[in-house]
Amino acid sequence: MASTVSFAVDSPVGRRTVEVSYERTGAGAPLVLLHGIGHHRQAWDPVLRLLAAERDVIAVDLPGFGASPALPHGLAHDLRTMVPVLGSFFGALDLVRPHVAGNSLGGLLALELGREKLVRSVTALSPAGFWTPSERRYAFGVLRAMRGAALAMPMPLIERLSLSSPGRTALTSTIYAWPGRRSPGAVVSETVALREATGFRQTLEAGLTVAFTEDVPDIPVSIAWGSKDRLLLRRQGVRAKHVIPGARLVRLPRCGHVPMNDDPAAVARVILDTSR
């Protein structure tokens with residue numbers, strides 16, 4: 001069941017109240033899960049049960065995505081703002097240096113949280129920020145096209161497409177290697193999440209200047225990349241390993257950009273091994 005927490009964050013124009021929606025389940029050491037741009041916390045549903053058997057799992061709707069409203073005036077949807085916002089979210093839930101796992105945008109945020117020593121371990125699944133300029137232009141073009149399609153399609157068409165494997169492929173093949181395995185309800189829900197993401201434009205614009213170039217020392221880091229990632233190509237994982245030489249680089253065979261649905265057991269194993 002979803003919960004909501006509100007907390008104060010300083011901004012250039014004074015203190016602002018941020019509201020974040022999340023789901024919490026399981027028991028053990030706390031583990032925070034961060035989704036990618038245009039997605040929502042339900043991206044992690046396929047692995048929640050596996051993780052909750054050993055961890056106190058907190059799946060987050062990032063501000064401006066899912067059920068969380070956009071950041072208030074004075075707070076930008078960029079790394080310089082989001083890292084302290086997430087740090088304040090940890091404080092609001094009394095989480096002291098939790099483990100964190102993130103996918104895509106969430107993987108980039110997880111690595112930044114690790115660099116700031118706000119977390120105990122980091123698992124980054126196809127994290128953003130290790131692209132060349134041409135790879136970034138390609139990825140952002142695909143994301144804009146996905147957002148445009150989600151905005152243009154009427155709900156009856158989305159619902160009709162979700163009922164067949166070819167339709168689910170048309171809607172989600174960019175992020176899943178096996179889109180036919182995603183349930184119709186999940187496909188409809190995430191397509192709606194993409195079209196209603198109030199933080200999408202600001203987050204994408206902030207990403208135009210992002211490049212992750214610093215090490216994340218002194219904590220366990222795993223970087224996992226799907227072999228069938230069509231959005232952030234897997235060669236970016238090799239660059240990530242050069243930037244963070246102490247990281248464990250894991251290949252996820254037959255997985256796409258959002259691997260949690262393609263191979264839940266493999267993804268859960270990487271996260272749990274990193275956080276032990």
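Student: What is the strand order of the open sheet of eight strands?

Tutor: Strands of a sheet pair through backbone hydrogen bonds, either parallel or antiparallel. Here the open sheet has eight strands in the order S1-S2-S4-S3-S5-S6-S7-S8, and the pairing is mixed. Strands (E, at least two residues) and helices (H or I, at least four) are DSSP runs, numbered from the N terminus. Two strands count as paired if DSSP finds at least two bridges between them. This is a predicted model, in which local features need pLDDT of at least 70 and side-chain atom pairs count only at pLDDT 80 or more, while totals for chains, interfaces and linings use all residues. Residues are numbered from 1 along each chain as its sequence is written, and side-chain values use heavy atoms, with hydrogens and water left out.

Student: Which strands stand at the edges?

Tutor: Strand S1 (2–11) and strand S8 (248–252) do; each has a single partner strand, so one side of each is left without a neighbour in the sheet. From one strand to the next, the twist averages 25°. Axes are lines fitted to C-alpha atoms, for helices over the stretch in contact, and angles run from 0 to 180 degrees between N-to-C directions.

Student: How many bridges join strand S3 to strand S5?

Tutor: Four bridges join S3 (residues 29–34) to S5 (residues 99–103), and the two strands run parallel. Leu31 has His99 as its bridge partner in S5. Helix H2 (residues 79–92) packs on the sheet, where it touches S1, strand S2 (14–26), S3 and strand S4 (55–61). The direction of H2 makes about 125° with that of S1. Touching, or contact, means heavy atoms within 4.5 Å.

Student: Is Ser121 buried or exposed?

Tutor: Buried means under 20% relative accessible area, exposed over 50%, and partly exposed in between (1.4 Å probe, protein chains only). Ser121, at 2% relative accessibility, counts as buried.

Student: How many salt bridges does a search of the whole structure find?

Tutor: A salt bridge is a side-chain nitrogen of Lys or Arg within 4 Å of a carboxyl oxygen of Asp or Glu. The search finds 13. One of them joins the side chains of Arg235 and Glu135, at 2.7 Å from N to O. Arg235 lies in helix H9 (residues 235–243) and Glu135 in helix H4 (residues 133–152), so the pair ties together parts that are 100 residues apart in sequence. Arg235 is partly exposed, at 47%, whereas Glu135 is buried, at 7%.

Student: Where do Glu205 and Arg201 lie?

Tutor: Both lie in helix H8 (residues 200–206), four residues apart, about one turn of the helix. Glu205 forms a salt bridge with Arg201, with the closest N and O atoms 3.2 Å apart. Glu205 is partly exposed, at 43% relative accessibility. Salt bridges can also link into a network, as for Glu112, Arg115, Glu116 and Glu214.

Student: Which residues are buried in H7?

Tutor: They are Ala186, Val187, Val188, Glu190, Thr191, Val192, Ala193 and Leu194. The buried residues of H7 pack against H4, helix H5 (155–162), helix H6 (165–172) and H8. Glu190, at 5%, forms a salt bridge with Arg182, the closest N and O atoms being 3.4 Å apart. Arg182 is buried too, at 6%.

Student: What lies 2.7 Å from a polar atom of the side chain of Thr191?

Tutor: The backbone oxygen of Val187 does. Thr191 is in helix H7 (residues 184–195) and is buried, at 7% relative accessibility. Leaving aside neighbours within four places in sequence, Thr191 is in contact with Ala150, Ile158 and Leu171.

How values were computed: A polar contact is a pair of N or O atoms within 3.5 Å; within protein, one must be able to donate a hydrogen and the other to accept it, and residues adjacent in sequence count only if both atoms are side-chain atoms.
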